[in-house]
Amino acid sequence: MASGGKDSDRTLGYMTRKDTEVKLPRPTRVKNKTPAPVQITAEQILREARERQEAEIRPPKQKITDSTELSDYRLRRRKEFEDQIRRARWNIQVWVKYAQWEESQKDYARARSVWERAIEGDYRNHTLWLKYAEFEMKNKFVNSARNVWDRAVTLLPRIDQLWYKYIHMEEILGNIAGARQIFERWMDWSPDQQGWLSFIKFELRYNEIERARTIYERFVLCHPRVSAYIRYAKFEMKGGEVARCRSVYERATEKLADDEEAEQLFVAFAEFEERCKEVERARFIYKFALDHIPKGRAEDLYRKFVAFEKQYGDKEGIEDAIVGKRRFQYEEEVRKNPLNYDSWFDYVRLEESVGNKDRIREIYERAIANVPPAEEKRYWQRYIYLWINYALYEEIETEDVERTRDVYRECLKLIPHSKFSFAKIWLLAAQFEIRQLNLTGARQILGNAIGKAPKDKIFKKYIEIELQLGNIDRCRKLYERYLEWSPENCYAWSKYAELERSLAETERARAIFELAISQPALDMPELLWKAYIDFEISEGELEMTRALYERLLDRTKHYKVWVSFAKFEASAAELKEDENEDEDQEEGVLEHKKECIRRARAIFDRANTYYKDSAPELKEERATLLEDWLNTETSFGNLGDVSIVRSKLPKKLKKRKQITREDGSTEYEEYIDYMYPEESQTTNLKILEAAYKWKKQKVAASEED
């Protein structure tokens, strides 16, 4: 051991480190990487591996030659099974294999003992009972099998398979009475429908009709469902018992009319009556069902009813069936979204085409019960027409005055007038009262409307009604209320003044106009001023009209005001000419006409001077003004002087300006510019000044050289 050398290590068994190194083969380098001429597939490799696989080594078969070896073999196998049971007593497969091995050894007592031990450990496992009973039946131990089945169904009465197997064994053995007795024991536990149906089929196999009928009676009492009654009725119908079958269906409809599956019951009942040629009975059943079953579950029922009416009904019946189908569709739509008012409108229109007043009212009431959830006008705009249609239906179709009044009253109560209102409802309610000759009621409604939710439409309609009745004082009061509520409303001021003028109250009308134009804010002041000026012109007050124009020009210098003022002065000559038609005064009229033209020309000239001096940036408005002036001078004929205007007209120039877009790119846009005569002179002066400066610089440069 010592001869190992000093490099040896005791921990390595006195071997050197070099001796312990594992020498791996040197990796071969692939020199030729080109593909081989014959390629080997994966399938070929697997096939070769399978062909070269060695045969499986199996233990030799043991042959038992005498009883001693057999006893030893049995003892050894039993010991193995017992050991397995001790290790895994809960494993059912071990018990089953143990019992089946004892059975294969023809030792039935030991096998039975194993089964009993297994059941004692887990009697709730119905698989053990099944295999135990099969063992007894297979080996023809009938009484033992009966004993096993009896114990099984006593301990596990809710396992249907145990009952089925037990009954099947007795039926195979021909013990019909015993099988029936087992069924009776099973029925005491009220099994599911399949158990009852199996009992019925059992009795029918032996032609026991009365017994089967009795079982059906017990069946529908135990399971009062639509499917149970339908099976019972079909059983009676198959036996030709029409009266009994009808009785079953009638009992079912009395008990299950509100059941979730009632639709199937009514369809089956109607089809039964249809097969019996009782068409009227079938029709009545369909209609009864459609009235009682919720629309959401009656789809198949409607389809069957329509098909039935197409086959047996007349034109009216078919139409009713189609209406019923459409009614079902609308019911489904309004059930899914009760706030879809268009569906309610379609539904009401359908019912109105049928003409059943009670049903129409019911639909209207259901529709208006779906109040919009938010108090915003946009959500109510469609909904409010349901009330309108309801009121019009009650008034026009049913001619029920009180009911119509109630509809309008409830609608007006429902609307939140503090947030928004509907003038249409107020006006319709008032017009309804007027049609009923109830003027006091109409005034009360419109007065409430003005108090709760004043609107332009309500004021206009109320004033119109009172004006038609000739109540001028009421109209004046209403106009005053109107203007208190909306002092900026130029329409109201104009109409109020127009009313006074129609009553020849000129001073009142003028005072109203004066009050109107003194308001700090107006929605359309141009219309109000025009109405005031037209009023003064119609009254022939030329000086007052001029003063009005001057006052208007103090407020605004819009070119339309200048043009209107000038045209008024030009038309004053025609007004004077209409007043004085005598030939003796023609010279005076001509002079007056010239004076009017001078006035008009002076106004145009004032306007042009204003735009030139005070607003030079308004080039386009000035150009429009000059064009109107030119047209006016042309309209004067011989008295006009077009040359005055033409010397002031601008030149139109097309120019381009640079525009920068959002993305930073630039482009050029053409526009029309105007150059006036004074601008061109200024431009020429600027050119001469620049030329003089350039000349002066050039002379100075030459002197320096």
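**Figure 1. Surroundings of E273.** Leaving aside residues up to four places away in sequence, E273 touches R246, E278, R281, A282 and I285, where contact means heavy atoms within 4.5 Å. The model is predicted, so that local features need pLDDT of at least 70 and side-chain atom pairs count only at pLDDT 80 or more, whereas totals for chains, interfaces and linings use all residues. Residues are numbered from 1 along each chain as its sequence is written, and side-chain values use heavy atoms, with hydrogens and water left out. E273 belongs to helix α14 (residues 262–275); helices (H or I, at least four residues) and strands (E, at least two) are DSSP runs, numbered from the N terminus. With a relative accessible area of 0%, E273 is buried; buried means under 20% relative accessible area, exposed over 50%, and partly exposed in between (1.4 Å probe, protein chains only).

**Figure 2. The chain as a whole.** The secondary structure comprises 35 helices and two strands. Of the 705 residues of the chain, 36% count as buried. Among contacts between residues at least 6 apart in sequence, 47% join residues at least 24 apart.

**Figure 3. Packing of helices α24 and α25.** The axes of α24 (residues 439–452) and α25 (residues 456–469) come within 10 Å and cross at roughly 150°. Axes are lines fitted to C-alpha atoms, for helices over the stretch in contact, and angles run from 0 to 180 degrees between N-to-C directions. The crossing angle therefore makes α24 roughly antiparallel to α25; angles under 35 degrees count as roughly parallel, over 145 as roughly antiparallel, 65 to 115 as roughly perpendicular and the rest as oblique. The crossing of α24 and α25 is left-handed, a term used if the near helix is turned anticlockwise from the far one by less than a right angle. On α24 the contact is made by L439, R443, L446, G447, A449 and I450, and on α25 by I458, F459, Y462, I465, E466 and L469. These residues divide into nine nonpolar, one polar and two charged. Here Ala, Val, Leu, Ile, Met, Phe, Trp, Tyr, Cys and Pro count as nonpolar, Asp, Glu, Lys and Arg as charged, and the others, Gly among them, as polar.

**Figure 4. Nonpolar cores.** The largest nonpolar core has 91 residues, and those with the most contacts inside it are W344, I384, L386, I425 and L528. Such a core is a set of buried Ala, Val, Leu, Ile, Met, Phe, Trp, Tyr and Cys residues joined through side-chain atoms within 4.5 Å. Helix α23 (residues 423–435) gives the most to this core, with eight residues. Not counting residues up to four places away in sequence, W344 touches V334, P338, I363, R366, A367, N370 and L386.

**Figure 5. Two loop residues with positive phi.** Most residues other than glycine have a negative phi. K140, in the loop between α6 (126–138) and α7 (142–155), has a phi near 65°. K140 is exposed, with a relative accessible area of 71%. L437 lies in the loop between α23 and α24 and has a phi near 60°. At 78% relative accessibility, L437 also counts as exposed.

**Figure 6. A547 in helix α30.** Helix α30 (residues 542–555) contains A547, which is partly exposed at a relative accessible area of 39%. A547 and I533 are 14 residues apart in sequence, and their C-alpha atoms are 9.8 Å apart in space.
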